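User: I would like to go through the terms used for this model and see what each one rests on.

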Amino acid sequence: MVNKEEKNQLIIIMKNILDTQNKSNLMPFKHLFKDTIPIVLYTNPDCSPYFCDFTFASEEIRSCFFRIEEITNSAVSLTPLLPLNEEGKYNNTESNPCGLKKTSVKVSLPLHQLSAIQCLDPKLVNRKIIRVDQK
Amino acid sequence: MRTIVFIDSNKSGSSREAIKAAAKLGFYTVLFTPRMRFIENRTDFPDIHQMIYIDIADYQALKNNIKKLGNEGKKIEAIVSFIDPYVHIAAKLGCELGISSFSSKPYEIMENKWLTREHLQGLPVSPDFKTFHQSDSLEWYLSHHKEQFPLIVKSAVSTGSKDVLLVKNKTQLAKAINTLLSKGNNEVLMEEYLEGPQYLIETCIYNGELYIVAVIQQEITFIKRFIVTGYCILANLDPEFLYGIYQTVSSIINTFQLQNGSCHLELRLVNGSWKLIEINPRISGGAMNRMIEIAYGINLAEETIKIALGKKPNLEKKHRKFVYTHYLTSDETGTVIKVTDTKSFSTMPGIQEVFIKLKKGMVVHPPLSMGDRYGYIIAASDSKNEAIRLAKEAAKEITFYIEPI
């Protein structure tokens with residue numbers, strides 16, 4: 001379990017992430033910051049990654065990758081990100097996606113359940129992957 | 001301790017296999033290398049007993065280190081290199097120590113395309129060529145020489161198709177000469193462009209006798225540069241065809257008065273006449289040693305070491321198979337994200353070996369030299385066409401996933 005101070009730190013970090021994402025829409029920061037900083041959230045009591053199951057484009061999806069949308073006093077609002085393999089298709093494994101894609105789904109997670117956060121490379125979002133076949 | 005010193009090596013391919021062969025023969029192997037990444041990844045080289053980081057251009061430092069090895073009780077029996085342009089340096093060091101059966105002068109000429117052309121000038125096998133020297137006036141040269149285009153413009157010293165340019169007019173010629181001069185070349189060679197099938201000939205010379213070890217047909221792709229993307233060892237050759245090759249190679253080797261060693265030549269058959277594209281004083285790099293081993297059961301790198309030790313090589317063909325190697329390239333530029341897993345390829349019929357040097361994060365691009373080939377597939381069969389088909393079919397299963405830069 002995380003203590004109150006650690007919890008406050010976690011909230012500060014999430015607010016910083018949200019702030020950076022929001023700045024990406026402002027002219028001076030447009031090319032400096034990315035619109036989405038993908039994250040993985042870890043929850044109490046065993047610090048396991050938080051997974052969200054949802055339906056997207058008629059497909060059953062399970063993802064532990066999110067975009068922070070809003071932070072209130074008690075909860076964080078998230079958009080699950082679709083993990084993709086190198087072919088740009090849904091990757092149903094929980095580790096090392098080749099890319100991530102924003103979904104239209106929204107979920108909310110109570111802050112008291114959180115124990116840790118991990119940021120991922122923003123380049124993963126809407127990553128362009130070229131397939132080079134041998135002729 | 002019986003020791004063989006190697007002057008540089010690549011991480012894989014023929015030069016590394018030579019070190020493995022020396023270790024297998026029971027020698028203590030010492031590698032002199034200017035490549036710091038080899039020292040940093042020392043555990044990747046268990047066949048190399050001692051690795052010395054050194055500037056190979058510093059001849060005195062090489063001599064000092066060899067002397068030091070001797071003082072440590074190592075009995076140096078050979079100093080060899082399978083890497084351009086160090087073959088003649090290894091031979092020179094060996095001669096000075098009185099342990100080499102290789103002479104450095106022919107190797108020094110072979111390692112320089114300009115010196116080679118000058119040396120072979122007048123032989124029917126030698127294509128027409130001209131030389132542009134750094135001190136020449138390009139304007140004067142272009143206005144006073146009527147060239148027959150297309151031409152091949154190349155650096156005298158580079159290897160692996162680096163700086164070999166095809167030019168079709170005066171503007172391209174001027175640009176090519178300037179490009180090569182700006183890279184520090186003192187001489188630029190201009191050769192007639194020859195059309196016809198190209199063959200690579202692997203040879204050994206022992207006590208002045210020439211042995212044709214393998215004849216390999218090359219598949220050349222032109223994408224900005226000439227890149228060999230396929231090699232096929234011809235298991236059965238028409239005796240007349242082979243005799244023609246032998247006579248041609250023999251006429252070239254004789255001019256160098258080479259008594260011992262191994263070389264490979266690239267010959268092109270132009271309207272029934274053999275023309276020398278290039279000669280190099282060593283076995284071809286990359287997959288060649290493995291290919292010859294699969295085709296004939298001969299480890300040519302090992303046999304070359306035997307020659308360096310003054311022993312007769314065993315070049316008896318244990319079997320005959322057509323072997324085709326298909327090289328993998330990229331026609332796009334980007335950072336590698338993933339490459340197809342090839343673990344299961346060994347179960348494919350005829351597939352002998354798959355090698356991919358790409359790792360996640362590496363940058364790939366369309367080939368500008370042979371070094372820009374990112375792997376290969378070797379297939380073997382009793383038929384030439386089948387070996388080619390098997391390798392190419394397997395290659396189609398391989399995909400590079402890259403992110404544009």
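Analyst: A residue is buried if 20 or more other C-beta atoms lie within 10 Å of its own, exposed if 12 or fewer, and partly exposed in between, with C-beta atoms placed from the backbone. This is a predicted model, in which local features need pLDDT of at least 70 and side-chain atom pairs count only at pLDDT 80 or more, while totals for chains, interfaces and linings use all residues. Residues are numbered from 1 along each chain as its sequence is written, and chains are lettered from A and ligands numbered from 1 in the order in which they are written.

User: Why is helix H11 of chain B called largely enclosed?

Analyst: Helices (H or I, at least four residues) and strands (E, at least two) are DSSP runs, numbered from the N terminus. H11(B) covers residues 300–308, and seven of these nine residues are buried, so the helix is largely enclosed by the rest of the structure. The seven are Leu300(B), Ala301(B), Glu303(B), Thr304(B), Ile305(B), Ile307(B) and Ala308(B). After the helix comes Gly310(B), with a positive phi near 85 degrees.

User: How do you know how confident the predictor is in chain B?

Analyst: From pLDDT, the predictor's confidence in each residue, from 0 to 100. Chain B averages 93, and 99% of the residues score at least 70. For the complex, the predictor gives an ipTM of 0.80 and a pTM of 0.86.

User: Why are E5 and E7 of chain B said to stand at the edges?

Analyst: The open sheet has the order E5-E8-E6-E7 in chain B, with antiparallel pairing. E5(B) (129–133) and E7(B) (164–167) each have a single partner strand, so one side of each is left without a neighbour in the sheet. E7(B) is joined by four bridges to E6(B) (residues 151–155), and Val153(B) stands opposite Leu165(B) there.

User: What makes helix H8 of chain B a helix that packs on the sheet?

Analyst: Its contacts: two residues are in contact if their C-beta atoms, placed from the backbone, lie within 7 Å. H8(B) (residues 170–182) touches E5, E6, E7 and E8 of chain B, and its direction makes about 10 degrees with that of E6(B). Such axes are lines fitted to C-alpha atoms, for helices over the stretch in contact, and angles run from 0 to 180 degrees between N-to-C directions.

Key:
Pairing = 2+ DSSP bridges.
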